[in-house]
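I went through a helix and its surroundings, then a sheet, then the nonpolar cores, and lastly the charged pairs.

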Amino acid sequence: MIRVLIVDDSPTMRALLSALLRDEPDIQVVDTAVDANDARAKIRQLDPDVVTLDIEMPGMSGIDFLEKLMRLRPTPVVIVSGLTQQGAEITARALAMGAVDCYAKPRGRPGELLSSDGGRLANSIRAAAATRGRQIDVRPARTAITERRGDIALIAIGSSTGGVEALHVLLGSFPADCPPTLVVQHINGHFAGAVARRLDESCAPKVQLAETDVKLLPGHVYLAPGNDRHLAVRAGSGLYSKLRASDPVSGHRPSVDVLFHSVAEAVGPAAVGVLLTGMGADGAHGLLAMKRAGATTIAQDEATSTVFGMPRAAIQLGAAGHVAGLGEIAGYALGGRG
């Protein structure tokens with residue numbers, strides 16, 4: 001049984017989130033809290049498996065509370081954020097700090113919301129619970145990348161649960177003139193722009209949301225823009241990003257498998273594929289297609305993965321040419337190791 005504490009200053013939202021979880025056989029809402037002080041006391045008393053945290057609260061803000069919680073009593077946290085620009089920016093910061101996932105506060109009448117959630121909140125909580133008790137060292141390796149392969153045309157990265165924090169570490173190791181890089185991160189589309197901006201502030205390459213039919217340039221990282229379109233690559237007079245609306249693949253839209261399969265076809269041996277932390281198996285078959293096309297393929301190891309599902313699936317398929325800790329992946333991807 002996954003024991004959950006809901007932290008939100010709105011009684012309506014506390015009731016709604018509780019109702020969304022009421023019929024889940026493996027999830028129990030053990031209590032609710034109205035602010036950071038209330039939450040601190042109840043976390044100490046109840047020791048919940050997962051905390052859902054309203055990021056915009058009076059008094060101590062959710063982000064300040066998250067920082068203290070991660071430092072003093074690490075607990076899996078799902079951020080619950082309003083659909084505002086400020087909420088998106090704070091959520092991106094929280095994910096970089098170690099929050100496991102984010103959930104957009106629903107709008108509309110309670111009855112409509114209960115029927116439209118589709119299990120999204122419960123699935124986020126299950127993913128967060130899978131990280132409980134893990135002590136992850138996500139610091140980048142101190143070894144400098146002294147060699148660079150000159151034949152890398154494109155790097156493709158897939159990530160999910162815990163991926164935003166991992167992307168900050170990995171892309172933070174990339175030089176300003178890195179090969180064109182495409183990223184599919186499973187995240188609510190409302191937060192994708194804020195995540196891209198946050199990464200852009202902390203990384204040497206230019207990080208931006210991907211657009212369709214844009215030529216991919218060195219020194220640029222292109223993040224899939226959200227949950228309505230898949231991101232792929234096509235060849236022309238160079239390489240171009242492609243966004244297309246179609247059904248979810250491997251349970252996701254955007255799907256890492258869609259990106260990786262397109263890279264295998266369009267780029268082949270001049271590509272590098274990286275599969276980072278995440279729940280499920282999205283990206284495993286696509287990484288195998290890249291390996292069969294001659295590309296360099298890398299999966300994050302278990303010791304540094306928040307959730308080892310996606311990398312494990314790729315390793316079991318034989319899709320990973322290298323299995324590496326998060327701090328070592330940039331070296332393998334850019335040709336300095338391996």
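Entry on helix H8. The model is a predicted one, and I began with helix H8 (residues 189-202), which lies across S8 and strand S9 (220-223) and runs at about 175° to S8. I checked the length of H8 against expectation: at 1.5 Å a residue its 14 residues should span 20 Å, and the end C-alpha atoms are 21 Å apart, which agrees. I then asked which residues of H8 are buried. I found Phe191, Ala192, Gly193, Ala194, Val195, Ala196 and Leu199. Looking for what covers these buried residues, I noted that the cover includes S8 and S9, together with strand S4 (77-81), helix H4 (85-97), strand S5 (101-104) and helix H7 (163-172).

Entry on the sheet. I followed S8 and S9 into an open sheet of seven strands, whose order is S8-S9-S7-S6-S12-S13-S14 and whose pairing is parallel. Strand S8 (206-209) and strand S14 (322-324) stand at the edges with a single partner strand each, so one side of each is left without a neighbour in the sheet.

Entry on the nonpolar cores. In soluble globular proteins, nonpolar side chains tend to be buried together, and with that in mind I turned to the largest nonpolar core, which has 58 residues. The members that touch the most other members are Leu53, Ile79, Ile155, Ile157, Leu170, Val274 and Leu276.

Entry on the charged pairs. I find 14 salt bridges in the structure. One of them joins the side chains of Arg126 and Glu24, with 2.6 Å from N to O. This pair links distant parts of the chain, as the two residues are 102 residues apart, Arg126 in helix H6 (residues 120-129) and Glu24 in the loop between helix H1 (11-21) and strand S2 (27-33). Arg126 counts as partly exposed, at 24% relative accessibility.

Lys42 forms a salt bridge with Asp38, the closest N and O atoms being 3.4 Å apart, and because they are four residues apart in helix H2 (residues 36-46), about one helical turn separates them. Is Lys42 buried or exposed? Its relative accessible area is 17%, and since buried means under 20%, Lys42 counts as buried. Arg71 forms a salt bridge with Glu67, with the closest N and O atoms 3.0 Å apart, and both lie in helix H3 (residues 62-72), four residues apart, about one turn of the helix. Here Arg71 counts as exposed at 51% relative accessibility, whereas Glu67 counts as partly exposed at 33%.

Last, I noted a network of salt bridges that links Asp47, Asp49, Arg73 and Arg132.

Terms used
Residues are numbered from 1 along each chain as its sequence is written. This is a predicted model: local features need pLDDT of at least 70, side-chain atom pairs count only at pLDDT 80 or more; totals for chains, interfaces and linings use all residues. Side-chain values use heavy atoms; hydrogens and water are left out. A nonpolar core is a set of buried Ala, Val, Leu, Ile, Met, Phe, Trp, Tyr and Cys residues joined through side-chain atoms within 4.5 Å. Buried means under 20% relative accessible area, exposed over 50%, partly exposed in between (1.4 Å probe, protein chains only). A salt bridge is a side-chain nitrogen of Lys or Arg within 4 Å of a carboxyl oxygen of Asp or Glu. Two strands pair if DSSP finds at least two bridges between them. Contact means heavy atoms within 4.5 Å. Axes are lines fitted to C-alpha atoms, for helices over the stretch in contact, and angles run from 0 to 180 degrees between N-to-C directions. The expected span of a helix is 1.5 Å times one less than its number of residues.
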